[in-house]
Amino acid sequence: MGAKSELESLKNISKEVKESVILKLQDISELALRLDESRSRYVVELEREKARRAAELEAAEKRFNRINQENLDRYSKMENKMEKLLAEVASTKEMLGQMRVPEALAEIRKVVARPAPRIMNYAEAAAKPKTAAAAAKTPGPSTRLGTGHTLIVASKFENHTAEHVITKLRGVVDAREMGVAVDRMRKARGQKVVLSCSSVEDAKKIEERLKIRGADLKVAKPEMRLPTVIIRDVLRVNSDEDIVRSLRTQNRHLSEGLDWDKVRARVCYRRRARNDLECHPVLEVSPELYHRLIKAGFVYVGLQRRPVWDQSPLVQCSRCLGYGHGKRFCKEVSERCAHCGGEHTGITCRARKDGEPPKCVNCTKAGCEDTAHGAFSSECGVRAKWDDMARSKVAYC
Ligand SMILES: [Zn+2]
Ligand SMILES: [Zn+2]
Ligand SMILES: [Zn+2]
């Protein structure tokens, strides 16, 4: 504006020129003003941008710190795990060292390479000394193998009850004075009393005493049952008589030196087979024939050659899965599952469908450690005990 008034004061410049220059000067000053304005706007925006950047930077830094911390945590956790793993590896190494793995493997290989042993039949198994530890582990009925441990005592008077017999027995047999060990005394049918002794010798001692001083008591040995065998998958068209006759006439491999007139053989019952036209007859046979059948392992019946196996005399209830009685004499109200022991039949068992391991109802009741088998399994400890007891009443020789 100073330039404008200076220009106006000059006399030697024409009015037109003056006006034109003044206009230009005004334009210039306006331009300067606008420039100044835009500059200050730019500065403000720059400040704002700076602040935004700073905030972003701060957020990024925070984010980075957080991620860093997370990674650190993860790392330290992994370190812990690694340490544990290392400790485990060390202890496993130690264990393996103690177990002498290479030697153990060599042993296993040797055993595997050996031919599989032939399955013993019952008489052979019974003849071998039992592993007492295994039997002792399983609770169940106390049993003695073989015969001669049991005495059956009755009164000579028919009107005497088992109570009478017990009273008399106590009077005559003083176990303390005689030094005999009696496992059990129980009443039996027909006013009889059954004494189970711990040894044949003790049973004999008591028998002698009763003979001498027993007065009106009489002693009998328990009646032994015949061994039983099962013939697999025999056509049902064969009658019971046919089957027994087949044993005699078609099986020279059993007959050598056998006096058939003294041999007893009888079909007791038939078990159902998978094939409707066939069945598994169960036979009661003389001990001599029993051993020959088990040794041979097969028989000819009609137009068939069939396997013959030992059949346990043990009775198992199909309702409660207990032993020593059949379904008809069962006192339980509900059915038991052979797989899980639940109150349902095996066919409807959910545990079985879901592939859960079996749980033996009898071993569970008896409080055994090993219950992971079905109630019909031959692995069952309770079953083995009852089987022993049932077999102790069978004359295998
Ligand atoms: Zn039952
Ligand atoms: Zn079940
Ligand atoms: Zn069991």
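What is the site of the zinc ion (ligand 3), given the angles among its four donor atoms? The site is tetrahedral, with those angles running from 102 to 115°. Keep in mind as you explore that this is a predicted model.

Let's look at who holds this metal. The zinc ion (ligand 3) has C360, C363, H373 and C380 as its protein donors, at distances of 2.1 to 2.3 Å. C360 counts as buried because its relative accessibility is 0%, under the 20% cut-off. H373 is buried as well, with a relative accessible area of 3%.

Now turn to the zinc ion (ligand 2). Here the coordinating atoms are SG of C337, SG of C340, NE2 of H344 and SG of C349, lying at 2.1 to 2.4 Å. The four donor atoms subtend angles of 103 to 115° around this ion, so the arrangement is tetrahedral. The donor residues of this site are spaced C-x2-C-x3-H-x4-C in sequence. Are C340 and H344 buried or partly exposed? C340 counts as partly exposed, at 24% relative accessibility, and H344 counts as partly exposed too, at 25%.

For a closer look, follow β1 (residues 150-155) and β3 (residues 192-197): they run antiparallel and are joined by five bridges. Within this pairing, I152 stands opposite V194 in β3.

Finally, a word on confidence. The chain has an average pLDDT of 84, and 84% of its residues score at least 70. Residues 129-136 have pLDDT below 50, and this stretch makes four contacts in the model beyond near neighbours in sequence. Residues 142-146 also have pLDDT below 50, and that stretch makes 13 contacts beyond near neighbours in sequence.

Key
Residues numbered from 1 in each chain as written. Chains lettered and ligands numbered in written order. Predicted model: local features only at pLDDT ≥ 70, side-chain atom pairs only at ≥ 80, totals over all residues. Heavy atoms only, no water. Donors = N, O, S within 2.8 Å, 3.2 Å for Na, K, Ca; no water. Tetrahedral: all angles 85-135°; square planar, octahedral: opposite > 155°, others 65-115°. Buried < 20%, exposed > 50% of the residue type's maximum accessible area, 1.4 Å probe, protein only. pLDDT = per-residue confidence, 0-100. Contact = heavy atoms within 4.5 Å. Pairing = 2+ DSSP bridges. Helix = DSSP H or I, 4+ residues; strand = E, 2+ residues; numbered from the N terminus.
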